[in-house]
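I opened my notebook to look through this structure one topic at a time. Come along and check each entry with me.

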Amino acid sequence: MSFNVLNTNAVDLQQSLSENTLTSVEVVQQYFAQIDRHESELNAFISPAPRDKVLRVAKALDEERQNGQLRSALHGIPIVLKDCFITASKLGMSTTAGSLAFVGSEASKNSAIAQRLTDAGLIILGKSNMTEFAGMKMTMMMPGWSSHGGQTLSPYVKQIEENETILGHSAPGGSSTGSAVAVSAGFSPLAMGTETIGSIITPSSRNALYALKPTIGAQDVSGVYTMTDFYDSPGPMAKCAADVRALASILLGRDFNSPDMGSWKGLSVGFVDHKLWDLPDELCRPHEGTVEQTGEDYIDVIRTLEKNGCPLKYPVEVPDTSVLPNVVSLAHWDFKHITMPRFIAAFDKCPMGSVEDIIKFNETNKDRAMPAPYTEQNDLEKAMNSNQDPEDMAKIKEELRTMGRQILDKAFEDNGVNILVGPVDSGFCIHACAAGYPVATLPVGQLRYNGRPFGAVAIAKGDDEESLLRLQAAYEAACKPRPLPDL
């Protein structure tokens, strides 16, 4: 049985598998065919899994199903992992965080999350391209570019406009761009990304996907490259709310199949004024009509939700992000002193031993590691020189975490809501990153001038992923379907 890879979701596939109208081997083969058709123009993958190994895994999972053994609700379903999740070298995929400096690294075991997913019966199709080191290399580097993987492109927009800004309307998104493109282009029904500040929600929004960044610290990130422990959290991307919910259940070890799923019961949503939340011109160059269109579609969503019974308040006030101190400096410190040493140590064999080694490698191999226009590594250099006292850094983190939570908790309380929503194309998610709170995406519309999707981001309190997943389900039922790319 054939299916449409652009709009079929994992829940649909699981139904077909359970009815024996499809096998996991057949599912994988259809995604392979779509990859063969379009990967060369989109460049979503940095390290595809060897197909013979993938097919053997799929066949084994089909046999388990035939014997009545199901590992999870996503047994036999394909997934793509961002190139920051270490996978055992025997699986045939590299893990480089997008850097040529890590080519040749070897690992004997999977990262905790990759192992959790394979234990649940998911089939890893490959590693997706990402912004090199999730952006911790050169300031203003185009998202979705890495020295090892090149540039990933949007399946909706295709080419990036000349002299485009990093979050301009033809730019593909944040550091998890390859994962988002893999799902929207029909290469896989599911993908995993990681987010520091906007790295899941921005590419998901620009690919009309539902996605979730869970509460910071809720998952075991051993064997995963993260820029910081303070901001970063891995999370799922998918074409529908049910898929995000199923994958979140596996990742967080929680049952999100509430009887109220898809209803507005117990939810109350506050929308910020979109006119107060946008991107500065140096990040997103204006184009005639886009501000007006995104604002109109944002208001249309609010009206649609009101008509469908959503308890909401508009507008609600949340202070702008200028009130948050030291947002960037702690990332340099964490990268040098915590996260990069941990990433290196997770390999059995790694050509790099420190941030200084990476910088030296890039200088020695400038033609490949720092080609024009990405001829700098100023963020890596800042990280190398980040030598603040650990106690001082701990105080900075505590102050920022406390302030982020106070700001959001006050907004929740003052407005009598348990979810706050704002445009993805803004700094609205920064408060949640500072607070450590979970965020989720909602597809909103599609720019008329170039077809690029855009969306909204929802914030809930710590460990309240269920409210965000319920919002996604109710939102999806009330609003228009997500747009598909024209490939």
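**Entry 1: ground rules.** I first noted that helices (H or I, at least four residues) and strands (E, at least two) are DSSP runs, numbered from the N terminus. The model is predicted, so I kept in mind that local features need pLDDT of at least 70 and side-chain atom pairs count only at pLDDT 80 or more, while totals for chains, interfaces and linings use all residues. Residues are numbered from 1 along each chain as its sequence is written, and side-chain values use heavy atoms, with hydrogens and water left out.

Entry 2: I looked up the cis peptide bonds. One runs from Ala372 to Pro373, with omega near 5°. I found Pro373 in the loop between helix 11 (366-369) and helix 12 (378-384). Another cis bond joins Tyr314 and Pro315, where omega is about -5°; Pro315 sits in strand 10 (residues 312-316).

Then I turned to phi. Most residues other than glycine have a negative phi, and most peptide bonds are trans. Asn43 has a positive phi, near 60°, and lies in the loop between helix 2 and strand 1 (45-48). Lys158 also has a positive phi, near 70°, and belongs to the loop between strand 5 (150-151) and helix 5. Is Lys158 buried, partly exposed or exposed? Buried means under 20% relative accessible area, exposed over 50%, and partly exposed in between (1.4 Å probe, protein chains only). Lys158 has 24% relative accessibility, so it counts as partly exposed.

**Entry 3: helix 5.** How many residues of helix 5 (residues 177-184) are buried? I found eight of the eight, so this helix is largely enclosed by the rest of the structure. Its buried residues include Thr177, Gly178 and Val181. Among the elements covering them are helix 2 (24-42), strand 3 (123-128) and strand 8 (233-238). Gly186 follows helix 5, with a positive phi near 80°.

**Entry 4: the core.** I wrote down what a nonpolar core is: a set of buried Ala, Val, Leu, Ile, Met, Phe, Trp, Tyr and Cys residues joined through side-chain atoms within 4.5 Å. The largest one here has 148 residues, and Phe102, Leu117 and Tyr225 are among those with the most contacts inside it. A second, separate core of six residues includes Met138 and Trp145.

I also checked Phe102, taking contact as heavy atoms within 4.5 Å. Not counting residues up to four places away in sequence, Phe102 touches residues including Phe133, Met340 and Phe347.

**Entry 5: two helix pairs.** Axes are lines fitted to C-alpha atoms, for helices over the stretch in contact, and angles run from 0 to 180 degrees between N-to-C directions. Helix 7 (residues 241-252) and helix 15 (residues 465-478) pack at about 165°, with axes 9 Å apart. That makes helix 7 roughly antiparallel to helix 15 (angles under 35 degrees count as roughly parallel, over 145 as roughly antiparallel, 65 to 115 as roughly perpendicular and the rest as oblique).

For my other pair, the axes of helix 9 (residues 329-345) and helix 13 (residues 390-415) come within 11 Å and cross at roughly 130°. That makes helix 9 oblique to helix 13. Their contact includes Trp333 of helix 9 and Met393 of helix 13.
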